[in-house]
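Dear colleague,

My notes on it come after, and I would be glad if you read them beside the coordinates.

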Amino acid sequence: MTKNKNVPALRFPGFEGEWEVKKLGKVCEFLDSKRVPLREEERAARKGIYPYYGASGIIDYVDDFIFDGVFILLGEDGANILARNSRLAFIVEGKIWVNNHAHVLKAKGSNEFLAESLERIKYDKYNTGTVQPKLNSEACKNIKLHLPPPGQTHRGFSSSQVSGGGPPSSLLRADSITFSLYASEIAHLFILRP
């Protein structure tokens, strides 16, 4: 950490300028209104090839999808919000179905950088649940993030910008969780924690 708390102590060449504090609602689009929960018996009647996601990942496969693209899922409720036994923010790609236990986000910049930034937050102060931990949409939109100047958020995740040429091509073809693990190794070097 430097004297100026908005500048990381360790920087890769080519990264410069102070980081800004921005609210999550300003740096991504929330697609929660498109989520549709399916009860277990409904999913049993609709078995298929499309992943059905909940707060912590895939919980089933169904015969249709409601999202097609690359998104960040952020767990909305459950003990993991505070316990952090598994990832809370993860990237998904392709044709998927998401229930109402995960927020669906589309970054205005780098999905990878935003997912890794969200993964490093302590959510205690954003918890709106009483009996069970919960991150409601309003609380999520107000999460404060330290972000580098525009145009620099993608650098640590771009194969042309990362020292050593970026992730091996085999990782680029692998699932998004594998890529996220690689990205997190790079990200921990220069992501400020709020």
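**The sheet and its pairings**

Asp 68 stands opposite Lys 95, a residue of S6. Before going further, please keep in mind that this is a predicted model, in which local features need pLDDT of at least 70 and side-chain atom pairs count only at pLDDT 80 or more, while totals for chains, interfaces and linings use all residues. Residues are numbered from 1 along each chain as its sequence is written, and side-chain values use heavy atoms, with hydrogens and water left out.

S5 and S6 run antiparallel and are joined by eight bridges, where two strands are said to pair if DSSP finds at least two bridges between them. Strand S5 (67-75) also pairs with S7, again in the antiparallel sense, over four bridges, and Ile 72 has Leu 105 in S7 as its bridge partner. Seven of the nine residues of S5 are buried, so this strand is largely enclosed by the rest of the structure; buried here means under 20% relative accessible area, exposed means over 50%, and partly exposed is in between (1.4 Å probe, protein chains only). S3, by contrast in its sense of pairing, runs parallel to strand S6 (residues 89-98) over two bridges, and Tyr 53 has Val 98 in S6 as its bridge partner.

Taken together, six strands form an open sheet of mixed pairing, in the order S2-S7-S5-S6-S3-S4. Its edge strands are S2 (28-30) and S4 (57-62), each of which pairs on one side only. Neighbouring strands of this sheet are turned by 40° against each other on average, direction ignored, with axes taken as lines fitted to C-alpha atoms (for helices over the stretch in contact) and angles running from 0 to 180 degrees between N-to-C directions.

**Helix H4 and Glu 119**

H4 lies across S2, S5, S6 and strand S7 (102-107), and runs at about 125° to S6. Eight of the nine residues of H4 are buried, so the helix is largely enclosed by the rest of the structure; among them are Phe 113, Leu 114 and Leu 118, and also Asn 111, Glu 116 and Glu 119. At its N-terminal end H4 is capped by Ser 110, of which a side-chain oxygen lies 3.4 Å from the backbone nitrogen of Glu 112; a polar contact is a pair of N or O atoms within 3.5 Å, where within protein one must be able to donate a hydrogen and the other to accept it, and residues adjacent in sequence count only if both atoms are side-chain atoms.

Glu 119 belongs to helix H4 (residues 111-119) and counts as buried because its relative accessibility is 16%. The side chain of Glu 119 reaches the backbone nitrogen of Ala 89 at 3.0 Å. Not counting residues up to four places away in sequence, Glu 119 touches Arg 84, Ser 86, Arg 87, Leu 88 and Ala 89, contact meaning heavy atoms within 4.5 Å.

**Two loop residues**

Arg 46 sits in the loop between helix H2 (40-45) and strand S3 (47-54), and with a relative accessible area of 24% it is partly exposed. The C-alpha atoms of Arg 46 and Asp 63 are separated by 5.4 Å, although the two residues are 17 apart along the chain. Leaving aside neighbours within four places in sequence, Arg 46 is in contact with Leu 38, Tyr 61, Val 62, Asp 63, Asp 64 and Trp 97.

Asn 85 lies in the loop between helix H3 (80-83) and S6, and at 69% relative accessibility Asn 85 counts as exposed.

**The chain as a whole, and its confidence**

The chain has seven helices and eight strands, these being DSSP runs numbered from the N terminus (helices H or I, at least four residues; strands E, at least two). Buried residues make up 47% of its 194 residues.

The mean pLDDT of the chain is 78, and 69% of its residues reach 70 or more, pLDDT being the predictor's confidence in each residue, from 0 to 100. Confidence is highest in H2, at a mean of 97, and lowest in helix H6 (residues 169-173), at 40. Over residues 157-178 pLDDT stays under 50. Where pLDDT is low, the predicted coordinates should not be read in detail.

With best regards
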